[in-house]
Amino acid sequence: MERKTHILVIPYPVQGHINPMLQFSKRLATKGARVTLVATSTIRNSMQALQGASSVNIEIISDGSEGDETVESLIATVDRFKDVVSQSLAEYIEKLNSSKYPPKFIVYDCALPWALDVARKYGIDGAPFYTQSCAVNVVYYHFKKGTVRLPLEEPTVSLPSMPKLAIKDLSSLLSNPSSYPPLLNLFLDQFSNFLEAKWIFFSSFKELELETVLQIDS
């Protein structure tokens with residue numbers, strides 16, 4: 001019997017990122033793929049509660065947390081998180097490559113752009129998944145490109161294909177870039193290599209499903 005294509009999905013360990021990628025994983029599973037959501041040890045307890053409760057497999061890999069560490073403190077050590085999780089992910093892929101279900105594809109949270117490098121190391125295709133709205137992504141993208149420089153000097157910001165934005169319309173990370181530099185860098189770095197991926201996913205199922213229904217009805 002033909003084996004199912006095995007897809008790994010790895011979210012950033014905060015709720016606003018986990019939920020969209022979990023729902024995406026469930027949809028992938030309905031298409032016949034074997035899907036494993038790769039969670040990190042900071043959210044071990046909440047994710048293990050889902051094991052066996054859905055069609056998605058749950059795997060926990062280390063992010064260097066000691067069990068009592070909060071997500072907030074983990075974000076403050078972005079470099080350590082990257083180093084530990086990239087190594088843990090590589091070890092997990094090596095383990096799977098000698099199993100019945102070697103992974104063929106990785107869908108990674110846009111906050112983890114280095115996951116594409118890990119995937120390529122093992123000859124696996126990868127694609128980022130953007131959990132925020134496209135409008136928010138556009139804003140961060142242009143700040144990453146340097147279309148607008150920080151700190152802001154004008155009361156409004158003009159960006160291509162976007163209405164004029166007041167400072168109050170922007171994330172506090174942009175309006176006050178010194179408030180949390182590690183988190184700001186995390187959001188800007190999500191565009192560091194996204195054009196190198198073959199595919200890009202966005203969290204917009206409702207609109208896509210509606211579009212499909214309209215096409216069928218017409």
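**Overview**

Modeller: Of the 218 residues of the protein chain, 43% count as buried, where buried means under 20% relative accessible area, exposed over 50% and partly exposed in between (1.4 Å probe, protein chains only). This is a predicted model, in which local features need pLDDT of at least 70 and side-chain atom pairs count only at pLDDT 80 or more, while totals for chains, interfaces and linings use all residues. Residues are numbered from 1 along each chain as its sequence is written, and side-chain values use heavy atoms, with hydrogens and water left out.

Colleague: How many helices and strands are in the protein chain?

Modeller: Nine helices and eight strands. Helices (H or I, at least four residues) and strands (E, at least two) are DSSP runs, numbered from the N terminus.

Colleague: What is the strand order in the sheet?

Modeller: The order is 3-2-1-4-5-8, an open sheet of six strands with parallel pairing. Strand 3 (57-61) and strand 8 (201-202) are at the edges with a single partner strand each, so one side of each has no neighbour in the sheet. Two strands pair if DSSP finds at least two bridges between them.

Colleague: How many bridges join strand 2 to strand 3?

Modeller: Five, and the two strands run parallel. V38 has E59 in strand 3 as its bridge partner. Helix 1 (residues 15-30) packs on the sheet and touches strand 1 (6-10), strand 2, strand 4 (103-109), strand 5 (125-130) and strand 8. Contact means heavy atoms within 4.5 Å. The direction of helix 1 makes about 165° with that of strand 2; axes are lines fitted to C-alpha atoms, for helices over the stretch in contact, and angles run from 0 to 180 degrees between N-to-C directions.

Colleague: And which strands does helix 4 touch?

Modeller: Strand 1, strand 2, strand 3 and strand 4, with its direction at about 165° to that of strand 1.

Colleague: Y92 is in helix 4. Is Y92 buried or exposed?

Modeller: Y92 is buried, at a relative accessible area of 8%. Leaving aside neighbours within four places in sequence, Y92 is in contact with L8, T36, V38, E59 and I61. Its C-alpha atom is separated by 9.4 Å from that of V38, 54 residues apart along the chain.

Colleague: Back to strand 2. How many of its residues are buried?

Modeller: Six of its seven residues, so strand 2 is mostly covered. Strand 2 also pairs with strand 1 in the parallel sense, over four bridges, and T36 is the bridge partner of L8. The chain goes from strand 1 through helix 1 to strand 2 in a right-handed β-α-β crossover. Right-handed here means that, with the strands pointing away from the viewer, the path from the first strand over the helix to the second runs clockwise.
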